[in-house]
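Good morning, and thank you for making time for this presentation. I would ask you to have the sequence and the model open while I speak.

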Amino acid sequence: MEPKTSAAVCGMGHSMKRKEDPRFIRGQGRYVDDIKLPGMVHLDIVRSPYAHARITAIRTERALAIPGVLAVITGETLKGFNLHWMPTLMSDTQMVLPVEKVMYQAQEVAAVIATDRYIAADGVDAVEVDYEPLPVVVDPRKALEPGAPVLRTDKPGKADNHIWHWEAGDRQATDQAFAAADVVVKQDMYIPRIHVASIETCGCVADFDRVNGKLTVYMTTQAPHAIRTVFALVAGHVGLSEEKIRIVSPDLGGGFGGKVPVYPGYVIAVAASVVLGKPVKWVEDRMENLQADSFARDYHMTAELAAKRDGTMTALRIKTLADHGYTDAAANPSKFPAGLFSICTGSYDLQHAFTEMDAAYTNKPPGGVAYRCSFRVTEAVHAIERVTDVLALELGMDPAELRFKNFIPPEKFPYKSALGWEYDSGNYPAALQKAMDKIGYAELRREQAEKRQRGELMGIGICSFTEIVGAGPSKDFDILGIKMFDSAEIRIHPTGKAIARFGTKSQGQGHETTYAQIVAEELGIPAEHVQVEEGDTDTAPYGLGTYASRSTPTAGAAGAMAARKIRAKAKKIAAHLLEVSEEDLEWEVGKFFVKGAPQKSKTIQEIAFAAYTNHPPGMEAGLEAVDYYDPPNLTFPFGSYICVVDIDRGTGEVKIRRFLAVDDCGNIINPMIVDGQIHGGLSMGLAPALFEEISYDDNGNISGGSFMDYLVPTAMETPSWETDKTVTPSPHHPLGAKGVGESATVGAPPAIVNAVVDALSHLGVRHIDIPMTPEKVWNILREKGVAE
Amino acid sequence: MAHHDITVKVQGVEHQAKVESRLLLVHFLRETLSLTGTHIGCDTTHCGACTVLLDGQPVKSCTVLAVQADGREVMTVEGLEKGGQLDPIQEGFRQEHGLQCGFCTPGMLMTSYALLQRDADPGEGAIRQAISGNLCRCTGYVNIVKSVQHAAAAMRSTPNPQTPQ
């Protein structure tokens with residue numbers, strides 16, 4: 001799409017250089033740990049070495065004797081304020097600090113506040129805790145067996161470790177379709193625990209002003225407004241009132257879902273600041289971050305696909321066991337305990353589908369955050385894209401051909417899926433065809449056949465995913481009752497420059513740039529003169545924050561709608577200035593002109609000046625608008641990815657030779673930023689596919705708890721990503737845009753697994769669980785007798 | 001805890017301080033000197049967010065003690081811009097969208113700057129090798145490689161007296 005605006009205005013479609021970058025390339029960003037307030041003290045946390053244990057004593061005397069240690073806070077301290085437990089977003093409960101027992105290794109046990117971060121760490125070492133170990137449950141299947149130790153003894157009457165059962169679809173009709181199918185395939189798959197590992201860890205500076213009763217919290221949060229309301233609701237009984245709470249989310253060093261939850265550390269820091277009357281800084285270290293912050297995934301899935309002999313898919317059935325750790329602290333919209341897993345019918349025209357899920361408590365940290373995806377979409381896409389390839393193998397059909405045969409045809413959009421979603425727009429065959437043409441699919445297949453003759457292991461994997469992002473329409477989507485709209489407030493200054501504030505919060509996505517471009521597109525004010533602000537609840541309009549690729553679908557739309565409200569008022573002012581009626585005016589970028597007399601016009605800058613100096617009688621002065629945008633539907637970005645791998649028979653190492661991503665996120669605001677988002681998403685798809693996993697031994701000891709063994713890919717392991725696009729606008733978004741930040745994280749893992757399985761399929765391999773480490777792959781090669 | 005008097009030159013300016021033996025260089029820079037451009041992303045020398053130059057060599061300042069920098073020269077991200085003029089590596093990252101959240105960026109810039117001091121025309125492999133001690137979660141590295149190449153090209157076309165050609 002050609003940009004409608006000039007390079008000087010820099011509206012949609014321009015690869016504008018980012019407005020954020022001048023500060024970041026100079027080291028002048030302002031992240032939480034950069035904030036230093038007068039009198040500020042430091043908090044550090046004592047953590048449990050046990051995964052499940054009763055606390056019999058906490059002795060703080062030695063810690064308190066250290067010069068510079070100001071206080072030690074325990075669960076008993078917080079119990080005095082009834083703040084030792086807090087609610088989770090999924091209406092479960094989570095300990096802030098324990099008074100009775102710990103439920104996972106690295107759980108917070110006590111907090112030390114000291115004048116300096118080194119002394120606080122000394123204090124942590126000096127706190128003595130006596131534990132009485134209890135039986136540990138790490139496997140969710142064992143957790144649900146009769147006779148398993150019941151973990152949540154705090155819940156009266158709770159007699160097992162089952163959290164909830166959820167299902168979607170028509171079980172009976174799906175069972176009938178399976179019974180009538182020519183072919184049925186079934187595949188177990190496990191998507192292990194992983195961690196977002198944003199390069200900045202989590203932390204806060206809590207600053208309670210005793211004189212004014214105002215609490216300011218500088219905090220690594222993706223959703224500052226929601227956090228403010230949660231704080232007001234949870235701590236209202238100790239006198240925190242919402243108008244006296246200010247949450248500031250400064251520059252964030254990545255988020256990816258890990259900065260959505262309220263972690264105990266934040267709450268303890270707030271309590272400490274209130275108690276001490278000093279600003280308290282808490283910044284976790286990397287090991288705390290990996291070991292205690294919210295995890296992602298941990299789904300044990302069994303996917304079944306039914307089809308006719310010719311490859312027409314007829315029904316899908318998926319049964320999942322979700323490991324939630326000791327509490328359900330997933331970050332989902334409240335009515336969706338399994339997130340948006342019901343997108344699992346994917347890109348295919350499936351008439352019948354049924355999916356059910358059970359969730360279990362185990363002795364692991366809580367979580368269930370997204371890891372750069374929209375509420376469990378990654379798990380759903382993994383299931384459908386993997387089982388599709390299993391079906392292709394069963395039928396002896398090329399996986400591309402099987403996909404073309406089953407794609408929802410472009411003419412069927414908007415498309416109602418078997419599990420109830422209305423897909424807004426899509427052209428799946430076009431994206432896959434483009435990917436195949438660009439990568440030279442037929443030639444790659446020929447090469448693979450030749451190599452196979454020579455015993456070389458080469459594989460080609462396809463993933464044609466559909467995402468569901470931009471939560472969401474208020475009829476279904478809320479968090480603790482707060483509807484998932486988002487907001488924009490735009491003010492035009494007398495000289496025609498603008499400030500625009502939003503309810504979302506960038507963590508690297510470049511909102512200061514893309515939102516400015518949206519305002520530029522709608523009003524013709526150069527993007528460089530649109531100042532974008534987010535993250536301060538005292539100034540920004542209320543919004544639900546940034547996660548699940550919702551910023552452009554919700555707040556971006558609100559920006560366009562607010563700009564259009566401004567344009568409507570600007571038209572009245574222009575009519576007044578030009579002494580014509582509104583009906584006689586037409587808009588082109590940046591000005592209104594009189595129909596048939598284009599020389600008679602008023603620019604937006606002239607109109608803005610008049611709004612303060614010469615506004616029409618009876619009209620309010622000023623030029624500003626607010627919009628709270630309630631999206632009519634979600635957006636459904638999609639794409640087709642092709643991955644080519646070579647496998648080393650000596651080491652089992654998977655080498656990604658090429659990876660091409662063809663994405664469709666509707667109309668694009670900033671092509672440079674979209675490409676960057678896809679590169680990053682691909683890398684966060686690569687990571688769990690080949691490297692990352694957090695696992696536990698039978699005693700609940702974590703492995704993968706530091707960067708020593710939690711393998712975030714470096715530039716050496718990461719291939720040189722290739723990208724391309726198709727453009728199928730969203731019919732309901734005011735700009736025709738869809739979310740994009742997470743598509744690639746969702747689409748990449750199945751493409752990589754499908755490529756590796758494809759390389760080994762002639763040996764009888766149908767599936768490999770991620771991460772496909774060299775050891776795992778080499779063991780398969782050895783078992784099949786082809787390891788060198 | 002023993003204390004030591006140290007003198008460290010940072011961006012060419014001498015700083016004297018009394019520091020604890022255990023004080024890390026990264027905390028000396030961030031907290032004693034308020035140079036917060038150098039970030040902390042891990043504590044185990046893996047992520048490279050804290051990379052600075054010590055006597056011209058990139059080091060991870062989370063595993064260097066402040067006392068080890070005594071009598072030596074440190075350069076941080078704040079020292080790249082000279083006389084209001086961005087260093088070509090900074091300009092490269094901006095032009096090629098080599099950063100997103102900005103948190104790994106200072107370390108990436110310092111590592112890349114050091115690479116370009118010793119190699120005026122690094123290929124993709126050499127760049128990837130050089131930055132393999134710096135983790136980035138946002139960019140997928142593709143545009144970081146381009147950023148470094150952009151800077152290298154700019155430096156070759158406008159010889160800078162500080163850069164050996």
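First, the conventions. This is a predicted model, in which local features need pLDDT of at least 70 and side-chain atom pairs count only at pLDDT 80 or more, whereas totals for chains, interfaces and linings use all residues. Residues are numbered from 1 along each chain as its sequence is written, while chains are lettered from A and ligands numbered from 1 in the order in which they are written.

Let me begin with chain B. Chain B contains five helices and five strands; helices (H or I, at least four residues) and strands (E, at least two) are DSSP runs, numbered from the N terminus. Along the sequence, the order in chain B is β-β-α-β-β-β-α-α-α-α. Chain B is as compact as a globular protein of its length, because its radius of gyration is 16 Å, close to the 15 Å that the globule rule gives for 165 residues. Here the radius of gyration is taken over C-alpha atoms, and the globule rule is 2.2 Å times the number of residues to the power 0.38. Taken along the principal axes, the box filled by the C-alpha atoms of chain B is roughly 50 × 35 × 25 Å.

Of the 165 residues of chain B, 56% count as buried. A residue is buried if 20 or more other C-beta atoms lie within 10 Å of its own, exposed if 12 or fewer, and partly exposed in between, with C-beta atoms placed from the backbone. As for contacts in chain B between residues at least 6 apart in sequence, 60% join residues at least 24 apart. Two residues are in contact if their C-beta atoms, placed from the backbone, lie within 7 Å.

Next, the interface. How many residues of chain B are in contact with chain A? There are 41 of them, and they meet 43 residues of chain A. On the side of chain B that touches chain A, the elements giving two or more residues are helix 2 (88–95), helix 3 (105–118), helix 4 (124–130) and helix 5 (142–157) of chain B. Helix 2 of chain B provides the largest share, four residues. By class, this side of chain B has 17 nonpolar, 17 polar and seven charged residues. In this classification, Ala, Val, Leu, Ile, Met, Phe, Trp, Tyr, Cys and Pro count as nonpolar, Asp, Glu, Lys and Arg as charged, and the others, Gly among them, as polar.

I turn to two helix pairs in chain A. The axes of helix 10 (residues 377–395) of chain A and helix 18 (residues 743–760) of chain A come within 9 Å and cross at roughly 30 degrees. Helix 10 of chain A is therefore roughly parallel to helix 18 of chain A. Axes are lines fitted to C-alpha atoms, for helices over the stretch in contact, and angles run from 0 to 180 degrees between N-to-C directions; angles under 35 degrees count as roughly parallel, over 145 as roughly antiparallel, 65 to 115 as roughly perpendicular and the rest as oblique. The residues of this contact, of helix 10 with helix 18 of chain A, comprise seven nonpolar, five polar and three charged.

In the second pair, helix 14 (residues 511–523) and helix 15 (residues 551–578) of chain A pack at about 35 degrees, with axes 9 Å apart. Their contact involves seven nonpolar, four polar and three charged residues. His511(A) lies in helix 14 of chain A and counts as buried, with 29 C-beta neighbours inside 10 Å. Leaving aside residues up to four places away in sequence, His511(A) touches Phe502(A), Thr504(A), Ser506(A), Val532(A), Glu534(A) and Ser551(A).

Finally, the backbone. Most residues other than glycine have a negative phi, and most peptide bonds are trans. The bond from Phe413(A) to Pro414(A) is cis, with omega near -5 degrees, and Pro414(A) sits in the loop between helix 11 (399–406) and strand 19 (415–416) of chain A. Another cis peptide bond joins Ile770(A) and Pro771(A), with omega about -5 degrees. Ala106(A), not a glycine, has a positive phi of about 85 degrees; with 22 C-beta neighbours inside 10 Å, Ala106(A) counts as buried. Asp298(A), also not a glycine, has a positive phi of about 65 degrees and is located in strand 15 (residues 295–307) of chain A.
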